[in-house]
Amino acid sequence: MSTETHDPFAHSPMAQFEIRRFIPMEAGGIDVSFTNSSLFMVIALSAITLFLSLSMRRSALVPSRWQSMAELSYEFVANMMRDTVGAAGQKFFPFVFTLFMFVLFTNMLGMVPYSFTVTSHIIVTFALASLVFIGVTVLGFIKHGVGYLKLFVPHGVPAVLLPLIVVIEVISYLSRPISLSVRLFANMMAGHTMLKVFGGFIVMLGFLGGWLPLAFSVAFIGLEILVAFLQAYVFAVLTCIYLNDALHLH
Amino acid sequence: MPQLVFADFAPQLVWLAITFTLLYLIMARVALPRIATTLERRRDVIASDLDQAASLKRQGEDALKAYEAALAEARASAHAIAAETRQRLTEEADREKAAMQESTSKRAVEAELRIATAKTAAMANVRQIAAETASAIVDKLLGARPDSAALNAAIDAAVTTGKD
């Protein structure tokens with residue numbers, strides 16, 4: 001580990017989000033250092049792979065507990081896709097599943113004390129959201145050609161309102177990657193900051209007054225675990241909805 | 001704010017690309033097909049089990065139907081045999097009764113005939129005895145045999161009156 005100028009567990013609630021380079025590396029003039037963020041990405045990758053491969057190692061007819069969990073995650077995403085996209089979306093199931101599992105695991109790993117939350121960085125969530133946005137847009141144009149632009153012209157709108165509506169639709173379409181990424185990033189960052197702040201209150205108020213923030217922290221951790229799951233779900237569902245827009249032009 | 005340190009963007013993006021691509025490849029090539037196969041196999045097994053259960057049920061129903069049909073047939077044939085026997089017995093009895101009646105009436109006619117013959121013979125004997133007796137009585141009384149014609153007329157008259 002490289003020595004850092006900042007104490008990783010400093011009192012500043014934002015210190016937990018600092019990127020620390022464990023193995024500084026450079027390739028072709030680009031900084032590719034192995035950081036704490038990289039470490040947790042690799043942990044998430046390994047955890048998902050281990051979870052799905054170990055639990056399905058002996059794929060029994062009557063599933064074991066672990067196998068049942070793996071199947072549950074599969075069917076959860078599969079049902080979500082069936083409900084929002086329909087049969088046409090089956091080709092993109094592996095992508096949405098990967099996206100969901102990656103966000104879910106990085107969110108959940110962030111709940112482990114002293115760990116790092118990969119999704120609390122706007123650049124990561126924005127990269128994922130852009131991947132979705134660009135992919136969906138390209139898919140839409142491949143599927144419908146220039147006709148995909150009809151997405152911005154809703155049916156049954158009075159001609160007078162049309163210029164206004166089209167502008168609004170275009171803005172809303174272009175803001176998709178921003179809203180998608182900021183939603184996840186802001187939720188993660190805010191939750192972890194709150195936890196850190198209240199953790200600091202517990203220490204500050206000590207044995208006498210620290211019980212109230214402690215109780216709040218316990219409750220808040222429960223909420224944060226819910227948020228971690230919910231944000232992964234929301235990310236995946238919105239991806240499905242965008243996919244649906246691209247596949248089935250209204 | 002550590003999120004806005006631009007120098008940290010590159011390593012995050014590079015590692016995100018590496019890990020996400022790897023994860024996608026593992027999911028798409030290995031993990032998801034395996035789960036899909038398992039789920040499909042389970043669905044197949046359940047479906048085939050249900051099919052088998054349905055066919056067994058159908059077999060059971062068929063067996064029950066066959067059994068009921070056999071039972072009904074047996075009952076019908078038993079019925080037929082009973083009716084046939086009853087009819088045969090009735091016919092036999094009727095026939096015997098008729099034969100008996102016939103022979104009885106024949107015998108009665110014969111008996112009547114015999115009685116009539118016997119009666120005629122007896123009447124003839126009685127007449128002869130009466131004629132001889134009357135001839136003997138007249139001989140004893142008068143000392144002479146009566147004229148046979150007068151005697152016969154007298155006996156005829158007596159028999160005729162005696163008959164009434």
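## The contact between chains

Chain A puts 35 residues into the contact with chain B, and chain B supplies 30. Here two residues are in contact if their C-beta atoms, placed from the backbone, lie within 7 Å. The chain B side that touches chain A holds 23 nonpolar, four polar and three charged residues. In this count Ala, Val, Leu, Ile, Met, Phe, Trp, Tyr, Cys and Pro are nonpolar, Asp, Glu, Lys and Arg are charged, and the others, Gly among them, are polar.

## Model and numbering

This is a predicted model: local features need pLDDT of at least 70, side-chain atom pairs count only at pLDDT 80 or more, and totals for chains, interfaces and linings use all residues. Residues are numbered from 1 along each chain as its sequence is written, while chains are lettered from A and ligands numbered from 1 in the order in which they are written.

The mean pLDDT of chain A is 90 (pLDDT is the predictor's confidence in each residue, from 0 to 100). In chain A, 95% of residues reach 70 or more. Among the chain A elements, helix H3 (residues 93-109) has the highest mean pLDDT, 96. Strand E2 (residues 26-27) has the lowest, 88. Residues 1-6 of chain A stay under 50. For that stretch the model has seven contacts beyond four places in sequence. Where pLDDT is low, the predicted coordinates should not be read in detail.

## Chain A overall

Chain A contains seven helices and four strands. Helices (H or I, at least four residues) and strands (E, at least two) are DSSP runs, numbered from the N terminus. Along the sequence the pattern is β-β-β-β-α-α-α-α-α-α-α. The C-alpha trace of chain A spans about 65 × 55 × 50 Å along its principal axes.

Chain A has 250 residues, and 34% of them count as buried. Buried takes 20 or more other C-beta atoms within 10 Å of the residue's own, exposed takes 12 or fewer, and partly exposed is in between; C-beta atoms are placed from the backbone. Of the chain A contacts with a separation of 6 or more, 61% join residues 24 or more positions apart.

## Helices H4 and H7 of chain A

Helix H4 (residues 122-144) and helix H7 (residues 211-247) of chain A cross at roughly 15°, and their axes come within 8 Å. Axes are lines fitted to C-alpha atoms, for helices over the stretch in contact, and angles run from 0 to 180 degrees between N-to-C directions. H4(A) is therefore roughly parallel to H7(A). Angles under 35 degrees count as roughly parallel, over 145 as roughly antiparallel, 65 to 115 as roughly perpendicular and the rest as oblique.

The crossing of H4(A) past H7(A) is right-handed. A crossing is right-handed if the near helix is turned clockwise from the far one by less than a right angle, and left-handed if anticlockwise. From H4(A), the contact uses A:Val132, A:Val136, A:Leu139, A:Gly140 and A:Lys143. From H7(A) come A:Thr239, A:Tyr242, A:Leu243, A:Ala246 and A:Leu247. By class, this contact has seven nonpolar, two polar and one charged residues.

## Chain A helices against H1 of chain B

H3(A) and H1(B) pack at about 120°, with axes 9 Å apart. H3(A) is therefore oblique to H1(B), and the crossing is right-handed. H3(A) contributes A:Pro94, A:Phe95, A:Phe97, A:Thr98 and A:Phe102. They meet B:Phe20, B:Leu23, B:Tyr24, B:Met27, B:Ala28 and B:Leu32 of H1(B). These residues divide into 10 nonpolar, one polar and no charged.

H4(A) also packs on H1(B), at about 45° with axes 9 Å apart. This pair is therefore oblique. H4(A) passes H1(B) in a right-handed crossing. The contact joins A:Ile123, A:Val124 and A:Ala127 to B:Phe9, B:Gln12, B:Leu13 and B:Leu16.

A:Arg176 lies in helix H6 (residues 176-209) of chain A. A:Arg176 is partly exposed, because 19 other C-beta atoms lie within 10 Å. Beyond its neighbours within four places in sequence, A:Arg176 contacts A:Phe133 and A:Tyr242. A:Tyr242 is also one of the H7(A) residues in the contact with H4(A).

A:Tyr114 sits in the loop between H3 and H4 of chain A. Its phi is near 70°, a positive value in a residue other than glycine. A:Tyr114 counts as exposed, because it has 7 C-beta neighbours inside 10 Å. In chain B, B:Arg127 belongs to helix H1 (residues 9-142). B:Arg127 is partly exposed, with 15 other C-beta atoms within 10 Å.
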